Amino acid sequence: MASGGPTLCNDSHLASRMSSVSGTRPLQIAIIGGGIAGLCLAGTLAKFDSERKLNVVIYEATSSFQEVGAGLTIWGRSFQVMHALGLDEELAAINMAAASNHYFSYRRSDQGDEGHEFVRRTFGKGAGYHRAQFRAALGNYVARYPSIQVEFNKKLVSINHDTPSEYQVVFKDGTTAQCDVIFGTDGIRSRVRDAMLRTAATSVKRAGVL
Ligand SMILES: Cc1cc2nc3c(=O)[nH]c(=O)nc-3n(C[C@H](O)[C@H](O)[C@H](O)COP(=O)(O)OP(=O)(O)OC[C@H]3O[C@@H](n4cnc5c(N)ncnc54)[C@H](O)[C@@H]3O)c2cc1C
């Protein structure tokens, strides 16, 4: 990776990139990973981009918005995000808590076939979703915006920073793409984070700090 590689995309970084391209062409945004975080981010960028200054591409490693795991429960602040995105209706339709407020039962399994239930918890003010349905709702949401493109089977392997203004993202299938800003929403084993930290470590080493 060339010097001055990927940097953390904070507010000031995004603002400086936006000002450098504003008026000439839309800012090219690459979101690596189309999980809950990537889809929410893309939706938020598109919803509040009233001047259409952003082109957003989600690069997702898998072949569709599939989801492993069963349920997802959300409360308070997450609701506020969903509400701000305008997803109240879609999510109300798949909220399991609306049908039954039964969340978890805790039981002793050593007392008969059914065990002995000793605690029963409710969703309270939360809402419960089937994970696949929740992610599909977010997938449908981003599909409403022509400024958001989704590319499946694009597993990021590395990031190059060949010019001061652009990044090149490199995928496992050998293809590449150019962008102005990269967001890493590629989960707990994030390649984006890995690339950023490696670059930071290299520049610190070069500077003789380590
Ligand atoms: C058992 C369990 C139960 C949980 N229950 C809850 C709950 O009830 N409520 C709650 O709020 N949270 C819950 N969480 C946490 C929640 O699931 C996570 O915080 C959330 O899924 C993180 O979303 P994400 O989009 O950041 O990452 P992920 O869901 O991991 O999505 C990352 C995406 O990036 C893609 N990707 C990965 N690498 C690459 C790459 N190199 N290039 C391109 N794409 C890539 C992946 O395919 C994936 O689609 C739970 C977690 C677990 C493990």
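**Ground rules**

I number residues from 1 along each chain as its sequence is written. Since this is a predicted model, I take local features only at pLDDT of at least 70 and side-chain atom pairs only at pLDDT 80 or more, while totals for chains, interfaces and linings use all residues.

**Whole chain**

I looked up the secondary structure and got seven helices and 11 strands. Helices (H or I, at least four residues) and strands (E, at least two) are DSSP runs, numbered from the N terminus. The chain has 210 residues, and 24% of them count as buried. My cut-offs for that: buried is 20 or more other C-beta atoms within 10 Å of the residue's own, exposed is 12 or fewer, partly exposed is in between, with C-beta atoms placed from the backbone. I then checked contacts (C-beta atoms, placed from the backbone, within 7 Å). Of those with a separation of 6 or more, 69% are between residues 24 or more positions apart.

**Parallel sheet**

I traced an open, parallel sheet of four strands in the order E7-E2-E1-E11. Strands count as paired if DSSP finds at least two bridges between them. E7 (148-151) and E11 sit at the edges, each pairing on one side only. Neighbouring strands here are turned by 20 degrees against each other on average, direction ignored. Angles come from axes, which are lines fitted to C-alpha atoms (for helices over the stretch in contact), and run from 0 to 180 degrees between N-to-C directions.

E2 (residues 54-59) and E7 run parallel and are joined by four bridges. At Tyr 59, I found Glu 151 of E7 standing opposite. Helix H2 lies across E1 (27-32), E2, E7 and E11, and runs at about 170 degrees to E2.

Is Val 181 buried or exposed? I count 22 other C-beta atoms within 10 Å, so Val 181 is buried. Val 181 belongs to E11 (residues 181-184). Gln 28 is 153 residues away from Val 181 in sequence, yet their C-alpha atoms are 6.6 Å apart.

Val 57 is in E2. Val 57 comes out partly exposed because 19 other C-beta atoms lie within 10 Å. Leaving aside neighbours within four places in sequence, I see Val 57 in contact with Ala 30, Gln 149 and Glu 151. I also checked Cys 179, which is 122 residues from Val 57 in sequence and 9.2 Å from it, C-alpha to C-alpha.

**Antiparallel sheet**

I found another open sheet, with three strands in the order E8-E9-E10 and antiparallel pairing. E8 (156-160) and E10 (176-179) are the edge strands, each pairing on one side only. Neighbouring strands of this sheet are turned by 25 degrees on average, direction ignored. E8 and E9 (residues 167-171) pair over four bridges. I looked for the bridge partner of Ser 158 in E9 and got Val 170.

**Ligand shell**

How many residues surround the ligand? I get 22, with Gly 33, Gly 35, Ala 37, Ala 61 and Gly 187 the closest. A residue is near a molecule or strand if its C-beta atom, placed from the backbone, lies within 6 Å of it. The elements giving two or more residues to the shell are H2 (36-47) and strand E3 (71-74). By type, I sorted the shell into eight nonpolar, nine polar and five charged residues.

Key. Ala, Val, Leu, Ile, Met, Phe, Trp, Tyr, Cys and Pro count as nonpolar, Asp, Glu, Lys and Arg as charged, and the others, Gly among them, as polar. Two residues are in contact if their C-beta atoms, placed from the backbone, lie within 7 Å.
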